[in-house]
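Please walk through this protein with the sequence and the coordinates side by side. The paragraphs below take up the sheet, then the helices, then the confidence of the model.

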Amino acid sequence: MLYIPKKNGNKNPKCFLKGRGGCSDIITREHYISHKLLNIINQDGKSVDITGLHWIPQDKLKGIGKANLVSNILCKEHNSNLSPLDSHVGSFVEAIHRIDKGLLANDKGSLCFEFDGRTIEQWLIKTLVGLVESKNIKARDGTDYIYSDKCIKLLCEPRVKWPKGWGLYVQVPDGHIHHANSFELIPMYSETDLCIRGITVKFNGFSMVLVIGVPSDSSKLGLHRPMELQFKKDSITHKVKLTWPSSERVKPQFITFTQVGSYKGIHPEQNLERI
Ligand SMILES: [Zn+2]
């Protein structure tokens with residue numbers, strides 16, 4: 001978990017964490033989608049297929065240079081404060097990638113990893129706020145989204161109690177894992193005030209949903225704050241455990257992903273045209 005204290009002093013008007021104080025004068029180029037994560041999704045190329053940014057035509061995939069997915073939205077100090085989130089999520093995605101490759105290669109032996117669920121939630125908020133601040137996601141008519149101050153509080157103060165039903169959901173697969181070197185972003189927002197309510201992030205056939213608002217139908221979002229993701233093929237089971245603060249009263253929920261073979265290219269249910 002990452003804590004960013006409130007400080008007196010400089011508030012750089014271009015930094016989205018200026019409300020915390022203690023900004024540096026220099027604004028740095030920030031990868032609004034973690035560079036480490038993009039490198040894991042597509043290790044071979046310099047670009048990654050992305051959908052969901054407002055300047056990409058709807059329902060299309062576009063190959064974008066990883067180096068171009070940056071924006072000037074954080075000061076140097078706060079960019080550096082937040083970088084452990086990218087590192088943690090990068091390791092989480094790397095673990096899933098490693099498991100996936102091991103299953104494909106029929107490697108023997110089971111792997112077990114452990115990550116902090118709250119840190120993953122903080123990373124999702126950082127990504128969502130970064131996408132709004134950099135104006136990479138907007139309503140269909142081009143109007144900017146807004147986000148509540150609560151987002152910044154939940155991002156900076158991990159021990160704050162989250163409202164009921166908010167937080168991470170992991171979608172339960174209805175069949176097999178599909179491999180795709182693409183990254184899909186689907187924001188959720190209120191139609192009335194365009195206030196952002198969450199985001200779905202899909203990569204390598206894996207979907208995470210962050211909810212910051214009471215979902216009208218949580219059953220479609222997946223399992224709330226699962227404790228364990230299990231990846232199976234034949235007799236092999238690998239585990240990715242997620243730990244949660246004891247105050248969260250997380251139900252012992254598990255999700256099982258079964259790998260039945262390899263699939264290269266676009267996710268068959270995604271079926272988006274690449275431009
Ligand atoms: Zn700052």
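Helices (H or I, at least four residues) and strands (E, at least two) are DSSP runs, numbered from the N terminus, and two strands pair if DSSP finds at least two bridges between them. This is a predicted model, in which local features need pLDDT of at least 70 and side-chain atom pairs count only at pLDDT 80 or more, while totals for chains, interfaces and linings use all residues. Residues are numbered from 1 along each chain as its sequence is written.

Strand 7 (residues 182-189) and strand 8 (residues 196-203) run antiparallel and are joined by 7 bridges, with Pro187 having Ile199 in strand 8 as its bridge partner.

Strand 2 (residues 47-51) in turn runs antiparallel to strand 3 (residues 60-65), to which 4 bridges join it; Ile50 has Lys62 in strand 3 as its bridge partner. From strand 3 the sheet passes to strand 14 through a parallel pairing over 2 bridges, where Leu61 stands opposite Arg274. Elsewhere in the sheet, strand 6 (residues 167-170) and strand 9 (residues 206-211) run antiparallel and are joined by 4 bridges, with Leu168 opposite Leu210 in strand 9.

The helices can be followed next. Helix 2 (residues 76-104) and helix 3 (residues 117-133) pack at an angle of about 115°, with their axes 9 Å apart; axes are lines fitted to C-alpha atoms, for helices over the stretch in contact, and angles run from 0 to 180 degrees between N-to-C directions. Helix 2 and helix 3 are therefore roughly perpendicular to each other, given that angles under 35 degrees count as roughly parallel, over 145 as roughly antiparallel, 65 to 115 as roughly perpendicular and the rest as oblique. In their contact, Leu82, Leu85, Asp86, His88, Val89 and Phe92 of helix 2 meet Thr119, Ile120, Gln122, Trp123 and Lys126 of helix 3, two residues being in contact if their C-beta atoms, placed from the backbone, lie within 7 Å.

Helix 3 also meets helix 4 (residues 149-156), their axes coming within 9 Å and crossing at roughly 140°, and helix 3 and helix 4 are therefore oblique to each other. This contact is made by Gln122, Ile125, Lys126 and Val129 of helix 3 together with Cys151, Leu154 and Leu155 of helix 4.

Finally, the confidence of the prediction deserves attention. The protein averages a pLDDT of 85, and 91% of the residues score at least 70, where pLDDT is the predictor's confidence in each residue, from 0 to 100. Confidence is highest in strand 5 (residues 112-116), at 97, and lowest in strand 14, at a mean of 74. Over residues 263-269 pLDDT stays under 50, and for these residues the model has 13 contacts beyond four places in sequence.
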